[in-house]
Structures are given as C-alpha cells and as structure tokens.
Amino acid sequence: FDIDFFKEQPDAFYQLCQELWPTGDTYQPTVAHNFMTMLHEKGMLLRCYTQNIDMLEQLAGLPADKIVAAHGNFASAHSLNGEEVPTEDLRRAVMEGPEGWKKLREQYGSLVKPDIVFFGESLPERFSQLCQKDFKKCDLLIVMGTSLVVGPFNSLVARPPKTCPRVLVNREKVGIFASESSNDEHTLSGGFWFPPNRDAYRDVFLEEDCDDS
C-alpha cells in the first residue's frame, strides 16, 4: 500500500486490517517468537528488530521496549492530519466495516490508520535512534527468516562490530557480502562471509526454517 492509494480506496486497506489485526486468534506466535522471549527472560536480549507488522513478538510476551518495529505495527494509530487516536477506537471501527471507519474519519477530520509504514513513508524515529546505539553493543547478531533485500533495514547486518559473530537462520543464503559494483539482489554491502570463503571468520549459516533450528 502507498498513502495515495489508501486515500483513494481506504476500504481495501481496512478489509486487510480485519484479517491482520493481531488478536491472537488467527495468527499465533511461533517457536522463533518464543525463543526471543526466552532470551529476554534470561537477560540476553538487547533488542529485537523486526520488519513484521503482526505484533507476534508482543503476543509471545516480549515487552514493547525490547522491540523495534521498523515498518510499524498496530500498537498505535494516528489520523492523517497527525492526531493520535486510541488503538482500540480504530480496532472497533475497522471491525465494524465501512460504517465504522467512516464515523472515525468524521470524528477526527481525516482517515485514521495504524502506525504501519506505507510505501514512500519514512521509517519510525525509534528505528533511527536505537540502531545508532544498539549495534555498537551487539556481541551476537541473530538474523532469522528474511530475504534481506529491503533497505534500509537490511543494512543493519553491517552495523555490529567487526568482531561480533553473526548467525543467519534461513531457508537460503541471503545478504552475501558484495562489492559496491555488484547488482545481485542476494548480495549486500557489509553482508555475510560464509565458509568456504577464506574471509569467513565470524559468520554462520543454518539452513533451516526458523522454528526447526
């Protein structure tokens, strides 16, 4: 979705929201989500950076301050004129269908949406602020279930110190180190060096589904 399409055809987005709204009924946390909560409970998790908007990390019990939702999620909402809107008000309106979201639009003077990043919008300020600090402290980076093709999120792989071990848990190798001249979508500046590459000294690839590793 982009913001212009939302303005022109809001009902399409609200119908999708009815399916995706994180109630825990349709979609539930997996083993991988619970693994991150376990790391937090053991005092080992600095932060969880995610591109997902489904809030399954929260549903698994991970505190909101431990999560950076780079593409936003359903935890907060605003009208298009910038006014903060209680998330529960938006949820009820969405579930009511067109009559509900139209009433909400009338109440706030513009359409209301969860704070999900649409195409062309800037990433949340929290993402920029925390990644500057967090990755300097990182002593183990675990990357799970991703294509690593969407920037600037994929650039996070290159942020930890050069001595920090990095583990990719994925069905295929992605984010392979690339020179600046490379145009391959599977390569990445500052990306992974996996064996048998002679420069592989800190990167490990586990060819698994996240929930099987």
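Biologist: Is F1 buried, exposed or partly exposed, and why?

Modeller: This is a predicted model. In it, F1 counts as partly exposed because its relative accessibility is 39%, which lies between the limits of 20% for buried and 50% for exposed.

Biologist: And F5, what does it count as?

Modeller: F5 also counts as partly exposed, at 30% relative accessibility.

Biologist: How many aromatic pairs does the structure hold?

Modeller: There are 16 aromatic pairs in the structure. In the pair of F1 and F5, the ring centres are 5.5 Å apart and the planes stand at 50°, so this pair is tilted.

Biologist: What about F127 and F153: how are their rings arranged?

Modeller: The rings of F127 and F153 are stacked, because their planes are at 25° with the centres 6.4 Å apart. This pair links distant parts of the chain: F127 belongs to helix α7 (residues 125-137), while F153 is in the loop between β6 (141-144) and β7 (166-170), 26 residues apart.

Biologist: Buried or exposed, F127 and F153?

Modeller: F127 is buried, with a relative accessible area of 5%. F153 is buried as well, at 11%.

Biologist: Back to F1 and F5. Which residues form a cluster with them?

Modeller: One aromatic cluster is formed by F1, F5, F6, F13, Y14, W101 and F118. Over the face of F118 lies K113, at 4.5 Å from the ring centre.

Biologist: Which residues of helix α2 are buried?

Modeller: In α2, residues 10-20, the buried ones are P10, F13, Y14 and C17. Seen down the helix axis, the buried residues of α2 fall within an arc of 95°, so they line one face of the helix.

Biologist: What do the buried residues of α2 pack against?

Modeller: They pack against α1 (3-8), β3 (72-79), α5 (87-96), α6 (98-108) and β5 (112-116).

Biologist: A change of topic: where is L148, and what does it touch?

Modeller: L148 is found in the loop between β6 and β7. Not counting residues up to four places away in sequence, L148 touches V143, N154, V157, V174, G175 and F192.

Biologist: How far is L148 from G175?

Modeller: Their C-alpha atoms are separated by 5.7 Å, although L148 and G175 are 27 residues apart along the chain.

Biologist: Is L148 buried or exposed?

Modeller: L148 is buried, because its relative accessible area is 5%.

Conventions:
Residues numbered from 1 in each chain as written. Predicted model: local features only at pLDDT ≥ 70, side-chain atom pairs only at ≥ 80, totals over all residues. Heavy atoms only, no water. Buried < 20%, exposed > 50% of the residue type's maximum accessible area, 1.4 Å probe, protein only. Helix = DSSP H or I, 4+ residues; strand = E, 2+ residues; numbered from the N terminus. Arc of directions from axis to C-beta. Contact = heavy atoms within 4.5 Å. Phe/Tyr/Trp six-rings, centres within 6.5 Å; stacked < 30°, edge-to-face > 60°. Lys NZ or Arg CZ within 6 Å of the ring centre and 35° of its normal.
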